Amino acid sequence: MTENRALPVPDGLAGERVDAALAKLLGFSRTFAAEVAAAGGVTLDHRPVGKSDRLEAGAWLDVTWTPRSAPVVVAAAVPGLGIVHDDDDIVVVDKPVGVAAHPSVGWTGPTVLGGLAAAGTTVATSGAAERAGIVHRLDVGTSGLMVVAKTEHAYSVLKDAFRERTVEKIYHAVVQGHPDPLAGTIDAPIGRHPSSDWRFAVVVDGKPSVTHYETLEAFPSASLLEVHLETGRTHQIRVHMAAQRHPCAGDAMYGADPRLSATLGLSRQWLHAVQLGFRHPATGEQVTFRSSYPDDLQHALDVLGGEADGGRG
C-alpha cells in the first residue's frame, strides 16, 4: 500500500536537496529518499524532481512512496564468527569480513545478531528490534571486535560509555604510502558525500570527527598504522585516511590503487578492530579484549614484508 504526503515546502527546507529534505521531513534514510525520487515519487509544483534537485520556498511538494518492510533478525549460523567473551551481561565477538552488525534494508547477507541468535544467545531488547543489543558497529568490510549487550542495564551503560567516549577502540590499518607526520591527529568533520549515496567525506558541515594514528611499520609502498578513534563516525578511518591521500589498502570505495590491492590479494580494506576496552557494565572493572589478524590481512602483511626484505637485498 502506498503512502502520500503533500504540503508547501517549509521555509526551513528551501534550498535543500530533495533527498536531504525528505530525510528531515519524513524520517527517510537518504538512500530511500533517493530511491523514491528515482521512481518518480517526488514532485514540486507537479513537476517530477530528482534526489539532487533543490526545493523552492512555497512550492507544492508531493511525495508518494511504498513503505519498506522493517528488517528482522533471522537466526543463521555465521562461519568464522568468534566468541571472545561471554557472560550474563555482554558478549564480545570477533566479526569476520562480509558480516553486518545487524539486519538493514537491502542487506541480505549474514549478521552478527543472526549468528548470535542461531547460537542461542539472547541479547537486550533495547533499541529498534533489528538492532537490539547493538551499541556500536563495524562496517561489513571491516573485521574485528564488537561488544553486544545481553541485558537492558548493560545496553544503557555501554551506550553511555560510547557516547561519552570512554571506550578504548584501537584499530590497525594498512594505508598506501607514508603519512607525514608518521604520527598525528586528524580532526576533520565527516558527513555524507555530496555526490554519492553510499560514501562519506570530510565536509564543512559534517559531524566532529577525531582520529589519532601512529605508524607501527613502514614498507616501501605502504604503512601499518595503529589508530585510536576518539569519535565513531561511519567509515571514519577510511574517510580520514583517504582525505590525507593515504587510503586504506584494498579500499576501492575511497580511492585505493587497484594494482596494490591485487598485489596484496585484497578484496576489501585492510582495517581490523584489534582492541576494545571498557568498564564492564555489571562490575565496573576495566576489561580489555584483543583480536589477531584474519588470514587475508596477514597474507597482505606478509607480502609487504617480503617486498621490504627484497628491497634490502
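What is the relative accessible area of Arg47?

Modeller: The relative accessible area of Arg47 is 41%, which makes this residue partly exposed. The term belongs to a scale on which buried means under 20% relative accessible area, exposed means over 50%, and partly exposed lies in between, with a 1.4 Å probe and protein chains only. Please note that this is a predicted model, in which local features need pLDDT of at least 70 and side-chain atom pairs count only at pLDDT 80 or more, while totals for chains, interfaces and linings use all residues. Residues are numbered from 1 along each chain as its sequence is written, and side-chain values use heavy atoms, with hydrogens and water left out.

Arg47 forms a salt bridge with Glu56, and their closest N and O atoms are 3.7 Å apart. Glu56 is itself partly exposed, at 39% relative accessibility. A salt bridge here is a side-chain nitrogen of Lys or Arg within 4 Å of a carboxyl oxygen of Asp or Glu. In general, side chains of opposite charge can pair when their charged atoms come close.

The search of the whole structure finds eleven salt bridges. Among them is the one between Lys24 and Glu16, at 2.3 Å from N to O. Lys24 is exposed, with a relative accessible area of 57%, whereas Glu16 counts as buried at 19%. Arg17, Asp19 and Arg30 are linked in a network of salt bridges. Asp296 and Arg268 also meet through their side chains, at 2.9 Å from N to O. This pair links distant parts of the chain, 28 residues apart: Asp296 lies in helix H7 (residues 295-312), and Arg268 in the loop between helix H6 (258-264) and strand S14 (271-279). Helices (H or I, at least four residues) and strands (E, at least two) are DSSP runs, numbered from the N terminus. Asp296 is partly exposed at 27%, while Arg268 is buried at 6%.

Contact means heavy atoms within 4.5 Å. Val97 is found in the loop between strand S6 (90-95) and helix H3 (112-118), and its relative accessible area of 36% makes it partly exposed.

The setting of the opening pair includes a sheet. Four strands form an open sheet in the order S1-S4-S2-S3, with antiparallel pairing. Strand S1 (3-8) and strand S3 (47-48) stand at its edges, each with a single partner strand, so one side of each has no neighbour in the sheet. Two strands pair if DSSP finds at least two bridges between them. S1 and strand S4 (residues 60-65) run antiparallel and are joined by six bridges; in one of these, Pro8 has Trp60 of S4 as its bridge partner.

Two helices accompany the sheet. Helix H1 (residues 18-26) lies across S1, strand S2 (42-44) and S4, at about 80 degrees to S4. Helix H2 (residues 30-38) packs on the sheet and touches S2 and S4, with a direction at about 100 degrees to that of S4. Axes are lines fitted to C-alpha atoms, for helices over the stretch in contact, and angles run from 0 to 180 degrees between N-to-C directions.
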